[in-house]
Amino acid sequence: MAEETESRQLLHLVFGGELKSLTGTEFKDIDALDIVGIYPNYRAAEAAWRSKAQETVDNAHMRYFVVHLHRFLDPGAGKAG
């Protein structure tokens, strides 16, 4: 079963930007969002997220997120990855 899960294409989006507040998720400037990319699985997306988060560690308002696109594309397909 693990091989089947790893071979399935579970798309993930990594993006980020500067937030208006440290306590929220509203972005300061939507036009300045950093779209890092779309990845075929969570492992690759997490690696990209970690890299971008580390690059911006000195800016407390900068946040990066991983979005599970596959859950939006096929909501009935389960919760893997």
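**View 1. Three strands of the protein chain form an open sheet in the order E2-E1-E3.** The model shown is predicted. The pairing within this sheet is antiparallel. From one strand to the next, the twist averages 15°.

**View 2. Strands E1 and E2 are joined by bridges.** Strand E1 comprises residues 12-18 and runs antiparallel to E2, with five bridges between them. Leu 13 has Ile 38, in E2, as its bridge partner. In general, the strands of a sheet pair through backbone hydrogen bonds, in either a parallel or an antiparallel manner.

**View 3. Helix H2 lies across E1, E2 and E3.** This helix is formed by residues 42-55. Relative to E3, helix H2 runs at about 175°.

**View 4. The elements of the protein chain follow the pattern α-β-β-α-β-α from the N terminus on.** In total, the secondary structure consists of three helices and three strands. Among the contacts in the protein chain with a separation of 6 or more, 61% are accounted for by residues 24 or more positions apart.

**View 5. The protein chain exposes about 5,800 Å².** The protein chain has 81 residues, of which 22% count as buried.

Key: Residues numbered from 1 in each chain as written. Predicted model: local features only at pLDDT ≥ 70, side-chain atom pairs only at ≥ 80, totals over all residues. Heavy atoms only, no water. Helix = DSSP H or I, 4+ residues; strand = E, 2+ residues; numbered from the N terminus. Buried < 20%, exposed > 50% of the residue type's maximum accessible area, 1.4 Å probe, protein only. Contact = heavy atoms within 4.5 Å. Areas by Shrake-Rupley, 256 points an atom, 1.4 Å probe, with all protein chains shown as cover. Pairing = 2+ DSSP bridges. Axes fitted to C-alpha atoms, helices over the stretch in contact; angles between N-to-C directions.
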